[in-house]
Structure formats: structure tokens, C-alpha cells
Amino acid sequence: MQKVSIICVGKMKEKFYIDAAAEYVKRLSRFCDLDIIELPEERLPDDPSAAQIEAALAREAAAIRAKLPASAAIVAMCVEGRLYSSEELAALMEKNSTFGEGRLVFLIGGSFGLHPSVKALAAVKLSLSPMTFPHHLARVMLLEQVYRGYQINAGSKYHK
């Protein structure tokens with residue numbers, strides 16, 4: 001069974017996000033060994049300077065790097081990443097499961113995204129949309145797309 005990790009900055013607080021994520025975690029348990037690692041988001045003032053944001057992102061990057069497994073295909077979720085169709089994501093997951101490291105790690109940053117040093121570690125930079133979403137919603141959307149990817153690869157009718 002493929003190991004999939006989602007390392008995310010920020011803890012979900014809203015019940016509707018928690019419930020939605022829990023539903024996909026439950027569904028995914030049939031397809032993969034899923035691990036969600038929540039890291040604390042650095043606190044910043046209401047109107048942070050560019051230097052304050054950079055320093056916070058650097059501290060978050062260090063925490064992310066400390067949680068990365070030694071061997072894995074890393075996918076950084078970032079707005080400048082490539083847009084994948086659901087079928088393309090499913091193919092990427094299948095390729096990794098069959099020919100790659102066997103372990104897939106998705107990285108989701110906090111409110112200000114991911115530090116460039118963490119993005120540089122990624123084999124793939126993935127964007128869910130050119131639109132901006134709350135990072136907690138992005139986690140739910142990613143979980144759904146990973147679930148959809150497994151359904152596509154299994155040939156189910158979930159993906160129409």
C-alpha cells in the first residue's frame with residue numbers, strides 16, 4: 001500500500017474543514033497509508049514586513065524539512081505550480097507507486113505559502129487553481145483529488 005503524507009502548516013480549527021478532511025481521510029484508508037502532519041504556523045503581526053514574512057517562512061521551512069522522510073517524491077502545493085487535470089494527477093500517483101520512491105509527500109504552506117528553499121526540494125510543483133483559496137480549504141481539495149486519483153486508477157465510476 002502506497003504511503004502518502006501531507007505536511008501542512010497551520011492547524012484546522014473550523015469544524016466544517018475538519019469534518020470534510022476526516023471524510024476523505026476515511027475514504028483514503030482503503031487505498032493508501034495516509035499520514036497528515038500539521039505544523040504550527042508562525043505568528044506574524046497584522047501588517048507584516050517582507051523581512052518578517054521571509055523569516056517566518058524560513059522557520060516554517062526548517063520545520064517542514066525536519067518532517068520530510070529520507071526517500072519520497074515531494075509535491076509542493078504552490079500558486080506558481082503546474083495545473084494538473086485529475087487524470088494527470090492520478091497518472092503521477094500511479095507512476096510514483098509503481099516506478100518511483102513509493103512514498104508521496106504533499107506540502108501545503110500557511111497563509112504566506114512555502115519558502116523557496118522547500119519548493120526547490122519538490123519534484124513537482126502543483127497548483128490547484130490560479131485562484132486563491134484558504135490553505136485549510138486547499139487541504140480538503142487536495143485530499144479529494146488524491147481520493148479521486150485512486151478512484152481513477154481503480155477504474156471506478158466516482159470520476160465521471
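Asp33 is partly exposed, with a relative accessible area of 35%, where partly exposed lies between buried, under 20% relative accessible area, and exposed, over 50%, as found with a 1.4 Å probe on protein chains only. Asp33 has its place in strand β2, and strands, like helices, are DSSP runs numbered from the N terminus, a strand (E) having at least two residues and a helix (H or I) at least four. Although Asp33 and Lys3 are 30 residues apart along the chain, their C-alpha atoms are separated by 4.7 Å. Not counting residues up to four places away in sequence, Asp33 touches Met1, Gln2, Lys3 and Val4, a contact being heavy atoms within 4.5 Å.

The model is a predicted one, in which local features need pLDDT of at least 70 and side-chain atom pairs count only at pLDDT 80 or more, while totals for chains, interfaces and linings use all residues. Residues are numbered from 1 along each chain as its sequence is written, and side-chain values use heavy atoms, with hydrogens and water left out.

Strand β2 belongs to an open sheet of five strands, which follow the order β2-β1-β4-β3-β5 with parallel pairing; two strands pair if DSSP finds at least two bridges between them. The edge strands are β2 and β5 (124–127), each of which pairs on one side only. From one strand to the next the twist averages 30 degrees, the axes being lines fitted to C-alpha atoms and the angles running from 0 to 180 degrees between N-to-C directions. Within this sheet, β3 and β4 run parallel and are joined by five bridges, and Val75 has Phe106 in β4 as its bridge partner. Strand β3 (residues 73–83) also pairs with β5 in the parallel sense over five bridges, and here the bridge partner of Met77 is Leu126 in β5.

Leaving out residues up to four places away in sequence, Phe106 touches Val4, Ser5, Ile6, Ile7, Val75, Met77, Leu126, Leu142 and Val146. The largest nonpolar core has 27 residues, of which Ile6, Leu28, Phe106 and Tyr150 touch the most other members; such a core is a set of buried Ala, Val, Leu, Ile, Met, Phe, Trp, Tyr and Cys residues joined through side-chain atoms within 4.5 Å. At least two residues of this core come from each of β1 (2–9), α1, β2, β3, α3 (86–99), β4 (103–108), β5 and α5, and α5 gives the most, with six residues. Apart from this core lies another, of 15 residues, among them Ile7, Ile64, Ile74 and Ala122.

How many of the 20 residues of α5 are buried? The number is 15, so α5 is largely enclosed by the rest of the structure. At 1.5 Å a residue, the 20 residues of α5 should span 28 Å, and the 29 Å between its end C-alpha atoms agrees with this; the expected span is 1.5 Å times one less than the number of residues. His135 is found in this helix and is buried, with a relative accessible area of 15%. Leaving aside neighbours within four places in sequence, His135 is in contact with Val9, Gly10, Glu41, Ile108, Gly109, Gly110 and Ser111. Just after α5, Gly155 takes a positive phi of about 75 degrees.

The buried residues of α1 are Tyr17, Ala21, Tyr24 and Leu28. They cover an arc of only 65 degrees around the axis, which puts them on the same side of α1, the arc being that of the directions from the helix axis to the C-beta atoms. What covers these buried residues includes β2 (32–39) and α5 (135–154), whereas the face of α1 turned away from its buried side carries the exposed residues Lys15, Phe16 and Lys26.

Helix α2 can be read in a similar way. The buried residues of α2 are Ile53, Ala56, Leu57, Glu60, Ala61 and Ile64. They cover an arc of only 145 degrees around the axis, which puts them on the same side of α2. The cover over the buried residues of α2 includes β1, β2, β4 and α4 (116–119), while the face turned away from the buried side carries the exposed residues Ala51 and Ala66.
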